[in-house]
Amino acid sequence: MNGNALRTGAVALGVLVLVLVYAGAFTVGQTQQALVLRFGGVRTVLNQAGTDKPGLYFKMPFVESVVLFEKRLLDLDLPVQTVLSADRQNLEVDAFARYKIVDPLRFYQSVNNVQVANQRLSSFTNAAMRNVLASASRDAIVRTQREGLMNRIQEDVNRQAKNLGIEIVDLRLTRVDLPAANSQAVYQRMRTEREREAADLRANGNQVAATIKAKADRDVTVLLAEANQKADQLRGQGEADRNRILAEAFGQDPDFFAFYRSMQAYEKGLSGSDTRLVISPGSEFFRYFNDPQGRARPAAVPAAGQ
């Protein structure tokens, strides 16, 4: 009887020990950090910034509790915000942030969980964006100083997030654009400006083309006139030289010149097959037909009584 009671007590004690061990044991993963709480107060911090190693730990069952936090980077996606730039332009800004919990104890005491932390960080980031972007122009935000402005926003948010045990690792402006109505108006204005520039360029091009064409036409007219003048001069000079040479050549033998000219006249006057001449055979034209020397035939003496 006593043996059975002892065995039952030993089993019960063993079960109790197992329950206590099971209730008191917990693990901290490689990507986790933990707070051990005793009656709501923090007893210790585990696996914070490499101070402890992940693994199996123990706590006092039913007295202590464990709260686990992520050690990896956490995402914060911000809703699109409308901010006013220094040149009074409304801009729609879309941003995101990456952060990590660097002080679990402060994080637990200030925000307690990730959802509340995201709300606080969203508030900090929106306020920092409005303050920083309000001091820059639209072109600086969109193009020239975007990297520097993002760094300033991140530094501003980090100063406030430090009180939450959080560090902002990266903050980016993914999209900065004008509101839809403004974008359409800007697009229309840009299109009008480009069309005006195109019209100006086209008009200037037509004017230059007309000037070039007029100059080319004038140059052609001048060149043709000069060429015709030179051709007439050369032609006249050639005719003069020809006549002079002919005159000098024929002047050496007037009889041959007369004979040659007569032969040319015969060639031109008698070349056609249907040529008809109404002329006296004794005329000057046929003198080389009547006399090889070209002497004129003496006039016929009329008979007596005629």
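Is N151 buried, partly exposed or exposed? N151 comes out as partly exposed, at a relative accessible area of 36%. Here are my notes on the rest; bear in mind throughout that this is a predicted model.

1. **Confidence.** Mean pLDDT for the chain is 79, and 72% of the residues reach at least 70. Where pLDDT is low, predicted coordinates should not be read in detail.

2. **Overall make-up.** The chain has eight helices and nine strands. Of its 306 residues, 23% are buried. If you take the contacts with a separation of 6 or more, 63% of them are between residues 24 or more positions apart.

3. **The aromatic pair.** The structure has one aromatic pair, made by F69 and F107. The geometry is edge-to-face, with 5.3 Å from centre to centre and 80 degrees between the planes. Since F69 belongs to strand β5 (residues 64-70) and F107 to helix α2 (residues 104-110), the pair ties together parts 38 residues apart in sequence. Both partners are on the inside by the numbers: F69 is buried at a relative accessible area of 6%, and F107 is buried at 0%.

4. One to look at is D75 with R98, whose closest N and O atoms are 2.8 Å apart. D75 is in strand β6 (residues 74-77) and R98 in strand β8 (residues 90-101), so this pair ties together parts that are 23 residues apart in sequence. D75 is partly exposed at 48% relative accessibility, and R98 is partly exposed too, at 23%. As background, side chains of opposite charge can pair when their charged atoms come close.

5. R106 pairs with D103, with 4.0 Å between the closest N and O atoms. With the cut-off set at 4 Å, I'd look at that one by eye. R106 is partly exposed with a relative accessible area of 36%, and D103 is partly exposed with 23%. R194 and E193 also meet in a salt bridge, at 3.8 Å from N to O. Here R194 has 45% relative accessibility and counts as partly exposed, as does E193 at 32%. Separately, a network of salt bridges links R138, D139 and R143.

6. **The nonpolar patch.** What forms the nonpolar patch on the surface? The members are F256, F259, Y260 and M263, which together have about 350 Å² of accessible area. Y260 is part of helix α7 (residues 254-269). With a relative accessible area of 35%, Y260 is partly exposed.

7. **Back to N151.** The residue I opened with, N151, lies in helix α5 (residues 146-161). N151 and R172 are 21 residues apart in sequence, and their C-alpha atoms are 8.7 Å apart in space.

8. **Positive phi at non-glycines.** R88 is not a glycine, yet has a positive phi of about 65 degrees. R88 is in the loop between β7 (81-84) and β8 and counts as exposed, at 64% relative accessibility. N112 is not a glycine either, and has a positive phi of about 75 degrees. N112 is in the loop between α2 and α3, where it counts as partly exposed at 37% relative accessibility.

Definitions and conventions:
Residues numbered from 1 in each chain as written. Heavy atoms only, no water. Salt bridge = Lys/Arg side-chain N within 4 Å of Asp/Glu carboxyl O. Helix = DSSP H or I, 4+ residues; strand = E, 2+ residues; numbered from the N terminus. Buried < 20%, exposed > 50% of the residue type's maximum accessible area, 1.4 Å probe, protein only. Patch = residues over 30% accessible without salt bridge, like charges linked within 9 Å, V, L, I, M, F, W, Y side chains within 5 Å. Areas by Shrake-Rupley, 256 points an atom, 1.4 Å probe, with all protein chains shown as cover. pLDDT = per-residue confidence, 0-100. Contact = heavy atoms within 4.5 Å. Phe/Tyr/Trp six-rings, centres within 6.5 Å; stacked < 30°, edge-to-face > 60°.
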